[in-house]
Amino acid sequence: MKILWDRQKEEKLYAINEQALHAQIQQRGRSVDRTLQRYEWVMVGVNLLTAIILTASAYVNHDETLYLYGISIAYLAYSLFFLLLRRLRRRQDRDFAPTMLGDLDKALWQLNYLVSQVRSMTLWYSLPLTLMMASFLLIRVNWVWALALTLVMGGGSYLSFQWEVKRCYLPQVQSLEA
């Protein structure tokens, strides 16, 4: 940024280096893209790994109730669902023009997509898995452990998702909008 003096109006004018601004927007856009990709691959990997571990545990322990197998299938389905969401998102990434404004719009769209995903995860991701695990504990152990698991997992996931949005993603959105 350069400061120029306007002799006619007797005031300062500011000039912005357009190439430097575009380079900064592109750098932030790459950072947002890496964050989003990391989120997607972590969700795929964690769900897949959990499905494998629960399936192996059910097989080794000769679980006849099929609850662990059902929960494993749910985790596998979520892993595949995250892959599908990733593929759909990547298709929409191509809709932005390769200009400074297009790069800015793309970075903001990706951040808003990530914020909406994380905010809604309590209902469509955490709650069903918590209830499945609680029903397993209700049948296998007792209602006290099922209730404790529901309160800890449900409350903990809601609070952690909200914290993640406020602490990590909303400041990035505000920074790009400024």
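**Terms and their grounds**

Reply: Leu 151 lies in helix α4, where helices are DSSP runs (H or I, at least four residues) numbered from the N terminus. This is a predicted model, in which local features need pLDDT of at least 70, side-chain atom pairs count only at pLDDT 80 or more, and totals for chains, interfaces and linings use all residues. Residues are numbered from 1 along each chain as its sequence is written, and side-chain values use heavy atoms, with hydrogens and water left out.

Me: Why is Leu 151 called exposed?

Reply: The relative accessible area of Leu 151 is 58%. Exposed means over 50%, buried under 20%, and partly exposed in between (1.4 Å probe, protein chains only). Leu 151 is therefore exposed.

Me: How do you know that Arg 89 is buried or exposed?

Reply: Arg 89, found in helix α2, has a relative accessible area of 1%, so it is buried.

Me: What does Arg 89 touch?

Reply: Not counting residues up to four places away in sequence, Arg 89 touches Asp 33, Leu 36, Gln 37, Glu 40, Trp 109, Gln 110 and Tyr 113; contact means heavy atoms within 4.5 Å.

Me: What makes a nonpolar core, and which residues have the most contacts inside the largest one?

Reply: Such a core is a set of buried Ala, Val, Leu, Ile, Met, Phe, Trp, Tyr and Cys residues joined through side-chain atoms within 4.5 Å. The largest has 25 residues, and Tyr 39, Tyr 75, Phe 82, Val 118, Met 121 and Tyr 125 have the most contacts inside it. Its largest share, 8 residues, comes from α3.

Technical notes
Helix = DSSP H or I, 4+ residues; strand = E, 2+ residues; numbered from the N terminus.
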